[in-house]
Amino acid sequence: MQGGSSGIGYGLKYQARCISDVKADTDHTSFITGTLSLREENEVHLIRLSSGGTELICEGLFSHPNEIWDLASCPFDQRIFSTVFSTGESYGAAIWQIPELYGQLNSPQLERIASLDAHVGKINRVLWWPSGRHDKLISIDDENLFLWTLDCSKKAAQVQSKQSSGMLHYLSGGAWDPHDINAVATTCESSVQFWDLRTMKKTNAIEHAHIHNANYDMKKNHILVTAEDESGIHIWDTRKPKSPIQELPGHTHWTWAVTCNPEYDGLILSAGTDSTVNLWMAPTSIEDEAISESIAESPAQQADPLLNSYSDYEDSVYGLAWSSREPWIFASLSYDGRVVVESIKPFLSRK
Amino acid sequence: METDDVPLDDKAKRMRDLLSSFYAPDPSSTDNAPSNPGTLDAINTTSFDADQYMNLLIQKSNLEALLQRHVEMAAEIKNIDTDLQMLVYENYNKFISATDAIKRMKTNIVGMEANMEQLLDKIMSVQSKSDGVNTSLFEKRERVEKLHRTRNLLRKVQFIYDLPTRLEKCIEAEAYVDAVKFYTGAMPIFKAYGDSSFQDCKQASEEAIAVIVKNLQGKLFSDSESIQARAEAAVLLKQLDFPVDSLQVKLLEKLEQSLGDLQLKTNDIENASMESNDPKQGKVSDSVHITAHEGSVRGFAEAISAYRVIFPESEEQLIKLVQDVVVKHFETTEQYVKGRISSANLMCVLRTIWTDVLLMDEVLSEAVLPVFSLEAAQIALKQHVASTFNYLLQDISDALLRVTVSSKEAAEEHSLQVALEASKKAVLQGSMDVLLDFRQLLDDDLQLLVQLRDFIIDWVQEGFQDFFRALYDRFLLLSGRNSSSRQDQGLTGAHGEKVLAGLVLVLAQLSVFIEQTVIPRITEEIAASFSGGGARGYENGPAFVPGVICRIFRSAGERLLHHYINMRTQKVSTLLRKRFTTPNWVKHKEPREVHMFVDLFLQELKESASEVKQILPQGLARKHWRSDSNGSTASSRSNQLRDDKMTRSNTQRARSQLLETHLAKLFKQKVEIFTKVEYTQESVVTTTVKLCLKSLQEFVRLQTFNRSGFQQIQLDIQFLRTPLKETVEDEAAVDFLLDEVIVAASERCLDPIPLEPPILDRLIQAKLAKWKEQNPISP
């Protein structure tokens with residue numbers, strides 16, 4: 001099953017959807033992932049890339065009570081992460097702490113710091129502010145947006161404010177603006193909505209159908225990348241919500257996840273249900289905008305924005321994460337539970 | 001012998017030198033530049049030092065040489081002595097001859113004085129006599145002169161008194177030249193004495209002159225007079241101090257008026273040539289108009305030449321006037337070109353203009369009208385080419401849109417096919433017509449066009465290049481607009497949406513047609529009759545690059561095809577999303593029948609298939625295709641596996657589901673779900689089905705089912721199997737995908753116990769019966 005891939009593989013026992021970069025771990029390139037199995041014992045894996053970069057080592061293996069639909073690592077404490085889980089009938093979300101390991105692998109009890117149990121509907125995402133230490137958390141369920149205050153030492157989370165998304169808007173996910181601690185984008189069936197967390201009011205919206213996933217550019221303010229069912233990937237300037245800055249073809253089937261490189265400008269990674277991960281190079285700066293527009297008029301000369309397509313997957317790819325420590329490395333997770341870590345170094349030089 | 005000659009010459013030369021040095025005013029000037037006294041040659045110079053010479057000689061020479069030198073020197077001294085004697089003698093000689101000459105001069109002068117005195121006396125007497133004659137005749141001459149003056153004066157007075165009658169006579173005889181001459185002659189007198197003695201006379205003659213002026217003016221303006229006469233009249237008027245400038249302006253105005261007439265006639269010609277599209281009736285009137293127009297232009301040219309003769313200084317104004325005419329001509333032409341005209345009509349107009357220009361050029365070559373009109377014609381032609389392509393583009397999009405509209409009204413079965421055919425025809429025929437049209441421009445031998453030939457070729461090539469780019473943009477616009485309106489229409493305008501989706505398909509096929517048929521034809525045609533050009537410069541290459549256009553349309557075709565498939569799958573996606581997000585799957589009730597979304601799904605596919613059938617060609621024979629492809633082994637294997645799995649699945653699927661699927665995947669080759677789309681009915685339908693099933697699988701994966709929910713999915717999928725396989729090319733992939741859906745459902749099921757096969761069978765049979773009942777014709 002290894003195939004001729006350049007990537008480093010790691011197998012989970014069960015199916016899985018989500019993987020997250022452990023951003024707070026500054027000494028190692030680590031990822032955390034959790035399985036999605038309805039009837040089996042689910043697990044959380046803490047994976048570390050060996051120092052040579054040739055092997056993925058399981059640094060910790062913890063049992064998790066339910067199947068994990070979403071998982072996010074705390075950006076300022078490597079031992080803390082959040083999960084959204086389902087028992088099959090109901091949903092829940094919690095903040096967990098990895099116990100001190102001291103070398104031994106088999107102490108697999110996660111410590112639950114807090115339960116985000118104010119939700120009633122189907123919880124979709126828990127968001128941390130991506131740019132640093134912030135004691136707030138956002139959780140998104142089908143209809144509501146919650147802002148939590150998390151106190152790790154007291155092991156408690158309290159609802160600070162709550163806002164309903166309004167009728168007929170079933171929220172599916174969201175992204176927290178890394179440049180603005182008070183701005184959050186949520187995705188729903190027909191649009192992307194922008195919220196101001198101070199007032200919990202909607203500030204703006206991009207009307208666009210079937211958005212699966214949205215991601216802010218870490219380097220540039222106001223740039224948001226979205227992934228859709230059929231129409232691929234769009235890059236938006238949030239100040240101009242009428243039409244996208246750029247459009248990328250996306251995937252043969254749905255484009256499920258999209259993420260911007262934390263370091264290199266315009267590098268975008270997308271994962272799709274056609275079992276591929278695509279690496280894109282999109283000129284997003286303002287001066288490039290004009291060029292790309294003029295290029296669009298003469299598509300004959302248009303440079304292919306697709307740098308590479310990683311197609312060595314057996315199933316749909318749902319999980320995708322850049323390493324923030326080594327930004328040329330990303331981890332992808334296909335539904336069959338395979339984590340593949342790839343390096344994009346060969347494509348960087350080509351820029 | 002030589003040695004004898006040389007000293008002789010030397011001797012004579014030295015003598016001459018000595019003589020001349022003697023007589024020369026400044027003896028030092030003859031001196032040679034002082035030479036080095038250290039040599040033996042220095043003997044002849046002024047700076048000669050005998051002692052030094054001696055020393056040098058003794059030092060340098062042996063005895064024999066010294067002796068020889070001594071002999072030589074003695075000879076030389078002797079020579080010099082004789083020379084000296086001769087010089088003295090000759091000098092003396094010359095002195096004697098000079099004295100002789102002076103003596104002779106003195107004797108000659110002695111007798112002259114007496115003769116001179118005699119001459120003086122005679123002259124004196126002649127003078128006194130002539131003085132006497134002069135004084136005696138003086139008085140008479142004085143009187144004669146006085147009489148003569150009086151006579152002249154009287155004659156002048158007579159002339160002035162006669163002037164009015166004389167002028168009358170001149171007017172009668174139309175001898176205006178004489179009249180003017182007389183009048184101008186009398187002018188100074190009138191000016192001096194007009195107010196006193198000659199008052200009556202002056203008035204009478206002024207009246208006469210007024211008549212003359214009037215007549216002259218009339219002559220100037222009457223076109224019937226010869227040019228010469230009119231020119232004369234102008235000159236005369238000018239002599240009479242008549243304000244000629246105002247006359248000039250007037251005449252110019254008249255010319256301008258006639259210019260207005262010309263303009264009208266041009267319009268007539270255009271109308272005529274428009275009419276001449278109706279072959280017979282138009283032609284007659286056309287030619288009539290042309291001759292009429294030519295006549296008036298000729299008249300205009302004559303008027304101009306006359307004017308030029310009359311007012312030679314007015315060239316600039318005339319040039320401006322004539323250029324105005326040409327500019328106006330081309331303005332109307334440009335207006336005309338904006339409309340929809342054939343090149344033949346344009347040529348007709350151009351030819352008329354060109355003849356006009358030539359006519360006018362004959363009379364006024366300074367206006368460089370040919371060059372001027374060449375430039376204007378260049379612009380007009382360029383516009384013509386551009387507008388022709390514009391209209392072609394318009395035609396094509398009209399052809400596309402018209403069919404869209406008409407099929408909206410009456411949803412015929414073959415409307416899309418009609419649309420495709422019509423637009424194909426519009427593209428191919430249209431561009432061929434355009435080429436043919438431009439060929440006429442090239443074939444014509446009108447000088448104007450011949451000069452612009454290279455430009456025309458380039459414009460046509462460029463025109464095609466731009467045209468196809470514009471067409472491509474238009475295609476994208478048409479399909480893009482659909483994609484935006486699709487969201488507006490949503491589910492409400494299902495019918496309109498169908499037409500638009502069809503249009504995208506038509507566009508896709510049209511792109512292929514353009515790439516494969518139209519471009520090669522046009523390339524051929526251009527190579528045949530539009531080669532050359534090169535006004536652009538060869539380094540740029542030819543303006544029309546079929547390779548680029550082909551590439552554009554190939555990619556456009558693919559994009560549009562994908563767009564079509566996307567539009568189709570998107571509709572199904574919406575359907576599926578509704579189906580899977582609405583019910584609570586965890587509390588699903590036991591399946592009683594196949595869910596109705598299956599019907600909707602199949603109906604969508606049928607619609608799509610009917611569209612596809614109209615537009616796209618059938619692929620290769622199916623069996624052939626399958627056995628040929630690489631995927632054959634994989635498909636057979638996965639088929640077999642599926643059968644295995646199905647038999648087993650009924651008994652023990654519930655356990656170790658995950659392990660089984662993983663193992664199955666290990667042994668199964670990866671079935672290529674997402675293959676390249678071909679321009680065939682089967683390929684497009686298959687791709688649509690595959691994408692829809694993949695979506696179905698993804699939707700299932702997002703839900704959690706109870707046992708009944710799972711069984712419902714199982715039932716629906718089982719039912720889908722047969723009709724899908726009938727429509728689809730790649731059975732293996734579809735089978736695989738259907739299995740995947742069931743697997744996904746079982747994975748997401750809390751209690752995955754499948755339906756017993758008999759129940760499954762019975763439910764499917766029931767559905768089939770119901771289905772056949774509803775639409776008995778369909779397979």
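Guide: What follows covers salt bridges and then a charged patch. This is a predicted model, where local features need pLDDT of at least 70, side-chain atom pairs count only at pLDDT 80 or more, and totals for chains, interfaces and linings use all residues. Residues are numbered from 1 along each chain as its sequence is written, chains are lettered from A and ligands numbered from 1 in the order in which they are written, and side-chain values use heavy atoms, with hydrogens and water left out.

Visitor: How many salt bridges over all chains?
Guide: The search finds 25, counting a side-chain nitrogen of Lys or Arg within 4 Å of a carboxyl oxygen of Asp or Glu.

Visitor: What does A:Arg125 pair with?
Guide: A:Asp70, with the closest N and O atoms 3.3 Å apart. A:Arg125 lies in strand β10 and A:Asp70 in strand β6 of chain A, so the pair ties together parts 55 residues apart in sequence. Strands (E, at least two residues) and helices (H or I, at least four) are DSSP runs, numbered from the N terminus.

Visitor: Is A:Asp70 buried or exposed?
Guide: Buried, at 7% relative accessible area. Buried means under 20%, exposed over 50%, partly exposed in between (1.4 Å probe, protein chains only).

Visitor: And which residues are linked in a network?
Guide: A:Asp315, B:Lys694, B:Glu698 and B:Arg701 are linked by salt bridges.

Visitor: New topic. Where is B:Asp735, and what does its side chain meet?
Guide: B:Asp735 lies in helix α24 of chain B, and its side chain meets B:Lys725 in a salt bridge (3.7 Å, N to O). B:Asp735 is buried at 3% relative accessibility, whereas B:Lys725 is partly exposed at 24%.
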